[in-house]
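Hello,

Here is the structure I said I would pass on. My notes on it follow below.

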Amino acid sequence: MFNRIKDVLRSLMLVELLKGMMLTGRYLFARKITVQYPEERTPQSGRFRGLHALRLYPNGEERCIACKLCEAVCPALAITIESEQRDDGTRRTTRYDIDLTKCIFCGFCEESCPVDSIVETRVLDYHGEKRGDLLYTKPMLLEMGRKYETQIATDRTADAKFR
């Protein structure tokens, strides 16, 4: 009975509202933390997952063996792979597309790859003005891999220390 009266009085006195206003007031006069984005950057986590890339071996051959594990594990169904068998008996991809409008950047594709072919880079500065601009094809992904291979290799060695 006493608790019920107490609750009614608290609701009439707007205690929760006053607590919220006190919290707002505490941060109203605090120093503002604003980052002027393209010129200033905030620190990036080592676990950041950005734009995808396909890696190559040092001899220039593509790593992807067309096992299609990344396509199977992708929860958003953003990866499309087509493959064919080469004359030497190995399988390689003829088509490797990632639709970034569907991708949720979960990293499952990267984790499932047995040869460390598909990776997510630290690149966060990309955009598309049309939906088709965010459909990354195999040549585009390979180019990203070539362009950022040093950063990817550095991240891989740093990750190996924590495993």
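Is D116 buried, partly exposed or exposed? With a relative accessibility of 22%, D116 counts as partly exposed. Please keep in mind that this is a predicted model.

D116 forms a salt bridge with R55, and the closest N and O atoms are 2.7 Å apart. The pair links distant parts of the chain: D116 sits in the loop between α4 and β4, R55 in the loop between β1 and α3, 61 residues apart. R55 is buried, at a relative accessible area of 5%. Both residues belong to a network of salt bridges that also includes E110, E149 and R156.

E110 is in helix α4 (residues 108-112). It is buried, because its relative accessible area of 18% falls under the 20% limit. Apart from neighbours within four places in sequence, E110 is in contact with I118, V119, E120 and R156.

The count of salt bridges comes to 13. One of them joins D155 to R122, with 3.0 Å between the closest N and O atoms. D155 lies in helix α6 (residues 149-162), and R122 in the loop between β4 and β5. D155 is buried, whereas R122 is partly exposed.

Two other elements:

- Strands β2 (residues 79-85) and β3 (residues 91-99) run antiparallel and are joined by 7 bridges. They form a hairpin with 5 residues between them, and G89 in the turn has a positive phi of about 95 degrees.
- Helix α2 (residues 15-28) has 14 residues. The number of these that are buried is 0, so α2 lies largely in the open.

Regards

Note on methods: Residues are numbered from 1 along each chain as its sequence is written. This is a predicted model: local features need pLDDT of at least 70, side-chain atom pairs count only at pLDDT 80 or more; totals for chains, interfaces and linings use all residues. Side-chain values use heavy atoms; hydrogens and water are left out. Two strands pair if DSSP finds at least two bridges between them. Helices (H or I, at least four residues) and strands (E, at least two) are DSSP runs, numbered from the N terminus. The expected span of a helix is 1.5 Å times one less than its number of residues. Buried means under 20% relative accessible area, exposed over 50%, partly exposed in between (1.4 Å probe, protein chains only). Contact means heavy atoms within 4.5 Å. A salt bridge is a side-chain nitrogen of Lys or Arg within 4 Å of a carboxyl oxygen of Asp or Glu.
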